[in-house]
Amino acid sequence: MTSDRSDPAAFRARVDAVLHAFVAQEAGQLAAIDPALEPVATQVEASVADGKRLRAAFCYWGWRAVGQPDSDALVRAAASMELVHAAAVVHDDLIDDSALRHGRPTAHIALRGAVRRRPRAVTAARSLALLVGDLLMGLAGQLFATSGLPAAYLARARPLWSVLARELIAGECLEILRTGDEPDLTASLKVIRYKTAKYTVEHPLLIGGALAGAGERLREGYSAYGVPLGEAFQLRDDLLGLFGDPDRTGKASADDVRGRRPTALLAETWRLAGDGDRERLRVLLGRRDPDGGGLHAVREVMRRLKAPDRVEDMIAARVEEALGALDELAVPAPAATALTSLAHSAAVRLS
């Protein structure tokens with residue numbers, strides 16, 4: 001492999017080229033069925049317009065760490081991980097009723113224009129977005145199956161797809177079931193692990209490794225590296241969601257508080273709070289749509305209790321754990337270097 005192909009920007013460009021061409025073709029075929037489907041097709045394409053392509057990168061280096069060479073077919077298979085993510089994002093925004101993603105209207109908001117003259121337009125737009133997410137998940141499987149890798153390689157990895165889907169859906173369900181409960185760090189970390197950590201790092205690594213024929217020890221090492229790093233990724237996302245710059249994150253900063261979601265940041269705040277602060281938080285979180293002064297007050301309580309600092313410590317500990325697991329694996333130097341760099345990219349970021 002040339003040094004150019006190991007460059008993160010070059011890799012992202014390869015993944016982008018695969019995704020944009022594949023999704024544009026599929027969206028075109030959808031729109032060709034009937035002109036009324038054009039807005040839906042547009043949202044299918046919009047779903048892959050942006051992204052860091054971390055999940056594809058973890059899949060790629062899960063393959064390379066086994067000793068396999070660079071492969072365009074593998075890049076296509078790895079790109080399917082980004083379609084899983086795109087599907088999860090559309091569904092997650094719908095579940096959370098989020099209005100912004102990457103600084104643009106989310107699918108269920110953007111699709112209101114297609115049904116604005118219909119009865120129950122808001123519900124209709126949400127239904128269309130649900131179907132966009134379903135289609136993206138189906139396309140992920142199609143891109144993986146038609147990547148060009150040998151059938152025997154694909155067969156090794158195929159069982160992992162059902163595990164990925166089951167655990168991702170379990171995490172989403174747990175978040176819904178625990179939203180509004182009294183904050184609890186153990187419960188929040190379980191949501192993080194299943195909703196985000198596993199499909200962001202561990203499963204892409206394991207799928208890349210399975211495609212390459214990774215042995216049991218290496219697969220165990222992938223999990224030991226991937227789970228804590230995936231948790232660090234989501235913990236960082238929680239911090240950015242409330243304390244990040246919306247111009248960088250592209251998301252509304254009030255979403256987690258407004259939705260009373262079971263984030264580790266809120267759980268750690270609750271654990272550190274005394275009776276007075278807990279009562280104040282109950283009032284602030286009980287508002288129908290906390291923003292402005294209410295949101296500022298929540299942030300102030302969190303800062304005073306040093307909850308963000310505690311979450312920073314949790315992130316650092318998990319990155320250290322992941323890198324320690326990586327150090328114990330005998331993987332080729334380029335893979336070790338790339339996975340080390342990816343660990344920092346996932347956990348230390350501004351958006």
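Hi everyone, let's start with some rings: Phe11, Tyr60 and Trp61 are joined by ring pairs into a cluster. Before I go on, please keep in mind that this is a predicted model. Searching the whole structure turns up five aromatic pairs, and I'd like to show you two of them.

The pair to begin with is Phe11 with Tyr60. Their ring centres are 5.0 Å apart and the planes sit at 50°, so this pair is tilted. Phe11 belongs to helix α2, residues 8-33, while Tyr60 belongs to helix α4, residues 54-64, so to speak a link between distant parts of the chain, 49 residues apart. Are these two buried or exposed? Phe11 counts as buried at 6% relative accessibility, and Tyr60 is buried as well, with a relative accessible area of 0%.

Now the other pair, Phe58 with Tyr225. Here the ring centres are 6.4 Å apart and the planes are at 65°, so we call this pair edge-to-face. Phe58 is in helix α4 and Tyr225 is in helix α10, residues 216-243, so this pair ties together parts of the chain 167 residues apart in sequence. Phe58 and Tyr225 are both buried.

Ala56 has a relative accessible area of 0%, so it is buried. Setting aside neighbours within four places in sequence, Ala56 touches Phe11, Val15, Ala78, Ala79, Met81 and Glu82. You can see our friend Phe11 from the ring cluster there again. By way of contrast, Ala27 is 29 residues from Ala56 along the chain, and their C-alpha atoms are separated by 21 Å.

Let's turn to how helices pack. Two packed helices are described by the angle between their axes and by the distance between those axes. For α4 and α10, the axes come within 13 Å and cross at roughly 170°. These two helices are therefore roughly antiparallel to each other. On the α4 side the contact is made by Leu54, Arg55, Phe58, Trp61 and Gly62, and on the α10 side by Tyr222, Tyr225, Leu229 and Phe233. Sorted by class, that contact has seven nonpolar residues, one polar and one charged.

While we're in α10, have a look at Arg236. Arg236 has 10% relative accessibility, so it counts as buried. Beyond the neighbours within four places in sequence, Arg236 is in contact with Glu312, Ile315, Ala347, Val348 and Arg349.

Next, α5 and α7, which are residues 72-96 and residues 121-145. They pack at an angle of about 165°, with their axes 8 Å apart. That angle makes α5 roughly antiparallel to α7. What is the hand of the crossing of α5 and α7? It is left-handed. Residues making this contact include Leu83, Val84, Val90 and His91 of α5, together with Leu130, Asp134, Met137 and Phe144 of α7. By class, the contact of α5 with α7 has 17 nonpolar, three polar and three charged residues.

One more helix pair: α13, residues 264-272, and α14, residues 275-285, have axes that come within 9 Å and cross at roughly 145°. Leu266, Thr269, Trp270 and Arg271 of α13 meet Arg278, Leu281, Arg282 and Leu285 of α14. That contact divides into four nonpolar residues, one polar and three charged.

I'll finish with another arginine, Arg178, which is in helix α8, residues 151-178. With 26% relative accessibility, Arg178 counts as partly exposed, whereas Arg236 counts as buried. Leaving out the neighbours within four places in sequence, Arg178 is in contact with Ala187, Lys190, Val191 and Pro262. Pro262 is 84 residues from Arg178 in sequence, and the two are 6.4 Å apart in space, C-alpha to C-alpha.

Key
Residues numbered from 1 in each chain as written. Predicted model: local features only at pLDDT ≥ 70, side-chain atom pairs only at ≥ 80, totals over all residues. Heavy atoms only, no water. Axes fitted to C-alpha atoms, helices over the stretch in contact; angles between N-to-C directions. Helix = DSSP H or I, 4+ residues; strand = E, 2+ residues; numbered from the N terminus. Parallel < 35°, antiparallel > 145°, perpendicular 65-115°, else oblique. Left-handed = near helix turned anticlockwise from the far one by under 90°. Contact = heavy atoms within 4.5 Å. Nonpolar A, V, L, I, M, F, W, Y, C, P; charged D, E, K, R; others polar. Phe/Tyr/Trp six-rings, centres within 6.5 Å; stacked < 30°, edge-to-face > 60°. Buried < 20%, exposed > 50% of the residue type's maximum accessible area, 1.4 Å probe, protein only.
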